[in-house]
Amino acid sequence: MTLGEKIKQQRLKMGLSRDALAANADVSEATIYRLENNYGEPSYNVLRRIVTVLQGEIDVKFNAQRHHYG
């Protein structure tokens, strides 16, 4: 399940509209729409605000890559 699917699933489980989640997370409704439809990835701060509104009920795994410079 993608991050967007998890966000949408929890939002619906809590009975929140996209607009309500956006307002409570202080992001635009368009941002929620894009995330739920996997049209991008949120910044850490946006993700943190969304997860806070969703009461921490999103399991997120980060796949970081190491880069060597120089």
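**Charged and aromatic pairs**

Arg11, Arg18 and Glu36 are joined in a network of salt bridges, a salt bridge being a side-chain nitrogen of Lys or Arg within 4 Å of a carboxyl oxygen of Asp or Glu. The structure is a predicted model, in which local features need pLDDT of at least 70, side-chain atom pairs count only at pLDDT 80 or more, and totals for chains, interfaces and linings use all residues. Residues are numbered from 1 along each chain as its sequence is written, and side-chain values use heavy atoms, with hydrogens and water left out.

Side chains of opposite charge can pair when their charged atoms come close. Here, the count comes to two salt bridges. In one of them, glutamate 36 meets arginine 11 at 2.6 Å, N to O. This pair links distant parts of the chain, 25 residues apart: glutamate 36 lies in helix H3 (residues 29-36) and arginine 11 in helix H1 (residues 3-13). Helices (H or I) are DSSP runs of at least four residues, numbered from the N terminus. Glutamate 36 also meets arginine 18, at 3.3 Å, N to O. Arginine 18 belongs to helix H2 (residues 18-25), 18 residues from glutamate 36.

How buried or exposed are these side chains? Buried means under 20% relative accessible area, exposed over 50%, and partly exposed in between (1.4 Å probe, protein chains only). Glutamate 36 counts as buried because its relative accessibility is 5%. Arginine 11 is buried too, whereas arginine 18, at 24%, is partly exposed.

A search of the whole structure also finds one aromatic pair. The ring centres of tyrosine 33 and tyrosine 39 are 6.3 Å apart and their planes stand at 40 degrees, so the pair is tilted. For such pairs, rings of Phe, Tyr and Trp (its six-membered ring) have centres within 6.5 Å; planes under 30 degrees apart count as stacked, over 60 as edge-to-face and the rest as tilted. Tyrosine 33 is partly exposed at 38%, while tyrosine 39 is exposed at 56%.

Terms used:
Helix = DSSP H or I, 4+ residues; strand = E, 2+ residues; numbered from the N terminus.
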